[in-house]
Amino acid sequence: MWELLLVMIERLGIIIAVAFIITRLKFVRHLIEKREISITHKLSVIIIFGLFGIVGTYTGLTVNVEHATYSRWVLEIGDAEAIANSRVIGVVVAGLLGGWTVGLGAGVIAGVHRYFLGGFTGFACGLSTIIAGLIAGYFYKKNKDKNNIVSIKTALIVGMLAEAVQMSLILVLARPYYQAFNLVESIGIPMIIANGIGVAIFILIIRNVIHEEEKMGSLQAQKALRLADLTLNYLRKGLTERSAQKTSEILLKEINVDAVSVTNKENVLAFVGVGVDHHLSNQEIKTEATKRVLKDGELVIAKPDEIQCNSKSCPLRAAVIAPLKIKEDTIGTLKFYFKSEKDISPMIIELSKGLSTLLSNQLELSEVDRHLELAKQAEIKALQAQVSPHFLFNALNTIVALIRTDPMKARKLLISLSHYFRQNLAGTTATETSLEDELKHVKAYLAIEEARFADKLTVHYDIDEQVLSYKVPPMTLQPIVENAIKHGVKQLTNESFILIRAKQQVDSAKITVMDNGIGITEERLLEVGQENVTSETGTGIGLYNVNRRLQMMYGDYASLNIESKIDKGTSLSFTIAKERR
């Protein structure tokens, strides 16, 4: 019995090889990653795992019950012979990955094949193979986290359970009974153990492959964010020759490429790396591939004949060209050059996409700055000048820290950060916005701040739905909430909270922001909101500008009302009418 166990475990090497190959198939990857797949792809998965079950049958051992012997490969089966095999592994894995439909389909293919091989256990083994797919599908449905693959422990248990069911059916259905009993006695335990281990190893391989790819993706995302941090100071000034040159130098140093170039719509702004002697800056764009990216706004992989270099000795033979955009308008390109097409890996392509998006966002921020400069001419736009690069740096650092530990949370924070800056940009052209949009802006800001506070900050919302359509000046709530964090709760060592309340009154709405922070002294309370207040941690104009804008647009009745007690907290409120007065 134990010799049989060792031989079957030895055969698991074949299973491991097949498992690795299967994880490379596109439609199987979609199944593993829990994506929606078409009927055609699902049928392909069923066939693949059904064939895998057949391979498990043929790589088994033919057992002669009467002579108590076995052969190492399945060639043909006599009436007194059965197969000690790993057929169940493919069927169970199919059910664990795709549910009962995939498990049943794979089980039918492998089970029917086993039935037609014959032997006194043919029917029992064929039926048990089909049941194994259904058992695995049941555990797939019971998996609490449908976005993740079942655990190794569950895979081991299901594999052993499916094989135990097969042994039971052999005892119940196979005849003569004494042969069935002798067979189960000799191969039952080895097959239960070996197939349980086989299923567990298969799932382990899949989990490891996914984990390694997620790890590499996280590393690439971290690198992209680091590069975004390094290039921020330059691209915030717009797409100029100097910002393009500095950005190209940073990217060449940090990324494994042979040359880097940045263009605008007409000219090459910068080129660094291999070929810098003849790829000169300030030249008109000649490459058709670059013009195609500028026209279509889509990434292009340029082949040797598309580089179009005038120098015959140029070693650059391929390039990845990504668009740089502000909103939907392509304003330039980011180009990575290589000496060989083979150097362009999928990782480089994904990194290029990510960097072009991040650099495009930075260029959008430069547009925000340009609007802010224009807004200085009108007092009603003065608050827009408070978009702080420090907030972006802190947000990026927070996201970088979360990339490894909680990638999904990091992704949500990136979305919040994008929404935050897009709202800031939109605020430069609007004089009024709805309270609902203001709350979305605040929530995007607070999502990042809550992550920075490591769950020590709690935010409560008490909002009447009927006031969400009320109009307020853009960026009214966010500076108030930011002030509560920076000057109120940030210095607390214990749990801190902020309450944002919007309540319907007779023909108006009262908006309140409360915190349990350190409070404001009586002397400072007379100054806050009435004049620019000197501050060590800010410009001191936030609440003043909010108050001025409320007064100018809605009258003195809308002025900020501030109440505060030392070590108790602060409450800021203002009232807006349903119809503008």
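This is a predicted model: local features need pLDDT of at least 70, side-chain atom pairs count only at pLDDT 80 or more; totals for chains, interfaces and linings use all residues.
**Notebook: salt bridges, sheet, cores**

I started with Glu254 and Arg226, whose side chains meet in a salt bridge at 2.5 Å, N to O. This pair ties together distant parts of the chain: Glu254 belongs to helix 9 and Arg226 to helix 8 (residues 177-235), 28 residues apart.

Next I looked up Glu306 and Arg292, another salt bridge, at 3.4 Å from N to O. Here Glu306 sits in helix 11 (residues 304-307) and Arg292 in helix 10, 14 residues apart, and again the pair links distant parts of the chain. Glu306 comes out partly exposed at 21%, and Arg292 partly exposed at 35%.

Then a local one. Lys486 forms a salt bridge with Glu482, with the closest N and O atoms 4.0 Å apart. Both are in helix 16 (residues 477-489), and because they are four residues apart, about one helical turn separates them. Lys486 is partly exposed at 27%. Is Glu482 buried or exposed? Its relative accessible area is 19%, and buried means under 20%, so Glu482 goes down as buried.

I also searched the whole structure and got nine salt bridges. Asp462, Asp464, Arg501 and Lys503 turned up linked in a network of them.

I traced five strands in an open sheet, order 5-4-8-7-6, with antiparallel pairing. Strand 5 (268-273) and strand 6 (300-302) are the edge strands; each has a single partner, so one side of each lacks a neighbour in the sheet. From one strand to the next the twist averages 20°. I zoomed in on strand 4 (residues 259-263) and strand 8 (residues 329-338), which run antiparallel and are joined by five bridges. In that pairing I found Ala259 opposite Tyr337 of strand 8.

What packs on the sheet? Helix 9 (residues 241-254) does, touching strands 4, 5 and 8, and its direction makes about 25° with that of strand 5. I also followed helix 10 (residues 288-296), which lies across strand 4, strand 6, strand 7 (318-326) and strand 8, running at about 145° to strand 8.

Setting aside neighbours within four places in sequence, I list its contacts as Phe271, Cys309, Cys314 and Leu316.

Cores next. The largest nonpolar core has 83 residues, and the members touching the most others are Leu251, Ile255, Leu334, Phe336, Leu355, Val481 and Ile485. I picked Ile255: not counting residues up to four places away in sequence, it touches Leu227, Phe336, Ile348, Leu351 and Leu355. There is a second, separate core of 35 residues, including Phe49, Ile89, Val91 and Ile135.

Last stop, helix 5 (residues 100-117). Its 18 residues should span 26 Å at 1.5 Å a residue, and I get 25 Å between the end C-alpha atoms, which agrees. Its buried residues include Gly103, Gly105, Gly107 and Gly111, along with His113 and Arg114. Just past the helix, Gly118 takes a positive phi of about 90°.

Definitions and conventions. Residues are numbered from 1 along each chain as its sequence is written. Side-chain values use heavy atoms; hydrogens and water are left out. A nonpolar core is a set of buried Ala, Val, Leu, Ile, Met, Phe, Trp, Tyr and Cys residues joined through side-chain atoms within 4.5 Å. Buried means under 20% relative accessible area, exposed over 50%, partly exposed in between (1.4 Å probe, protein chains only). Contact means heavy atoms within 4.5 Å. Two strands pair if DSSP finds at least two bridges between them. Helices (H or I, at least four residues) and strands (E, at least two) are DSSP runs, numbered from the N terminus. Axes are lines fitted to C-alpha atoms, for helices over the stretch in contact, and angles run from 0 to 180 degrees between N-to-C directions. The expected span of a helix is 1.5 Å times one less than its number of residues.
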